Amino acid sequence: MKKLINHPANVVKEELEGIALAYPDLVKVHFEPNFIYRADAPIPGKVVVISGGGSGHEPMHGGFVGGGMLDAACPGEVFTSPTPDQMLEAAKMVHGGAGVLYIVKNYTGDVMNFEMAADMARAEGIRVLNILIDDDVAVKDSLYTAGRRGTGTTVLAEKICGAAAERGYDLKRVADLCRRVNINGRSMGMALTPCTVPMAGKPTFELAEDEMEVGIGIHGEPGRERMKLKTADEITEMMALAIIEDPPYRRTVREWDEEKADWVEIELEDPPFQPGDPVLAFVNSMGGTPDIELPIVYRKLHEICTKKGLRIVRNLIGRYITSLEMQGVSITLLRMDDELIDLWDAPVKTPGLRWGM
Amino acid sequence: MAITTKEVLICLHRMAEVLEANREYLTSLDAAIGDADHGINMDRGFKAVLAKLPSVEDKDAGTILKTVGVALVSTVGGAGGPLYGTAFMQAGMAVAGKYELEPQDVLAALDAALKGVVMRGKANLGDKTMVDAITPAVNAMRSALENGADLAEALEHAVAAAEQGMKDTIPMLARKGRASYLGERSIGHQDPGATSSYLIIKVMADVARELKAESKN
């Protein structure tokens, strides 16, 4: 393992120390428990949007804290969910009296930790709703697995919900919006190389020189299928078609019902893409794939979307949700509408995403 | 034969040692079907437990176990944090206020731990999780006590059942947690959570057996 670190156990702590020094106008960092939060928090009367997850996906989530996006982010150890005390203390630090939305990627650990945190925050009188992101079409079956994983759509949901909160949407509207983004977003990822968790010191899986892993998540876990390496066009086509032709996806998720004051199971269904749909196309590097290769993927994605009648109305291309140094790419398509486009275009000022201000 | 909070504390220290010694082993099991952090997380969590124990070592078993649970929830992360944290918190509630634990109390604590894991993780028997090691352990301990076994004997049955349950996860198809994404590829690998559960139950059996041997001398 070759990494630019001092000690595997100090990676997250030293990363946070650097972030605090680098972006003092945008964010502050709280240690023990660890979270990054907006420098201008709390903003009275504004809904706050908080996310979190294992580290190693930078710039997500900490890089998306700032004006027009997240109010706080809770980084866990590398690829390990953060803990409820982080999420609770972050909520207490930034909430402005109008409630908290936890955006949670659908991984067993993240879901359980955020549910415990929401229960603890409510016990302290803070209004909290949790919305899951589960957009990874590589997971077909929700009955015999933990369900689809939260991947690229998370970045888009954080941007759009952060903009909505900034505009003054109330908590229920921000949560409904987040759920709407989730069911309209679909993603798929692939890896050319594995990655190495610093504390583990060894790659999380093995791939031969001529092999790739298709349908990976974002935690260095192996995917659904291993196959011989193909060209960028072939890989892009395989992933794009898996997304565009994905049938309706139904599953049950747990959300907090404020009227019943209890967790309830609700049914969600993702409507499939239809010709004529306006979409945001998001081409994301898993960390190690250089910028030169991403437009090659986007070029083919654009061709396939056009052929399928999808209108790309916005795009995002770059390194936004990563798996350490893994080489690979993920594609996300999000069905847009006028409100989503308007919120996407709204100003954002974070270390990882910045426009309009 | 009852155990006191002194033995509870010995168990917890021993669990920390065992999890440290098995850090690489648990992590390598997790690398095969998960995300290669289980051993690292459990080791970090129990080191945090050790740091907290001095503040509660004169308290009742319930307070000690609840403190362990809170420490695990706030340091382990992943799925293991809420699951083991809830397990120890529920076990603590089952023996709240007690300074001496009769065999039935130990069973009640283990049973409460299992129920906590099931409540939090919603896993069923056969899903290739911790539940597959702890459920047979609780059942074996209960029937051993009903048949007149003492604590050490009952825990020997429990650990044997947990070990079998752990090995039985090898041919299982994972239906919960990150391993479930592998589908058929999860078959043939032993579940890391079931393995750490077995190791923890084994510590309890080892301490009870040593205590029994000491009391005979």
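Before counting anything, I noted that two strands are taken as a pair if DSSP finds at least two bridges between them. This is a predicted model, and I kept that in mind throughout.

Entry one, the sheet. I looked up strand β7 (residues 185–191) of chain A and found that 7 bridges join it to strand β14 (residues 328–335) of chain A, the two running antiparallel. Within this pair, A:Ser187 stands opposite A:Thr332. I then followed the whole sheet, which is open and has 6 strands in the order β9-β8-β7-β14-β12-β13 of chain A, with mixed pairing. At its edges I found β9 (225–228) and β13 (311–318) of chain A, each with a single partner strand, so one side of each has no neighbour in the sheet.

I looked up the contacts between the chains and found 32 residues of chain B touching 36 residues of chain A, with a buried area of about 2,700 Å², 56% of it from carbon and sulfur atoms. B:Arg178, B:Tyr181 and B:Arg185 supply 28% of the area that chain B buries against chain A, more than any other three residues.

Which residue of chain A forms a salt bridge with B:Arg185? I found A:Glu213, with the closest N and O atoms 2.8 Å apart, and the rule finds 1 salt bridge across this interface. I also noted 9 residue pairs in polar contact there.

Key: Residues numbered from 1 in each chain as written. Chains lettered and ligands numbered in written order. Predicted model: local features only at pLDDT ≥ 70, side-chain atom pairs only at ≥ 80, totals over all residues. Heavy atoms only, no water. Helix = DSSP H or I, 4+ residues; strand = E, 2+ residues; numbered from the N terminus. Contact = heavy atoms within 4.5 Å. Buried area = accessible area lost by both parts, 1.4 Å probe. Salt bridge = Lys/Arg side-chain N within 4 Å of Asp/Glu carboxyl O. Polar contact = N/O pair within 3.5 Å; in protein donor to acceptor, adjacent residues only side chain to side chain.
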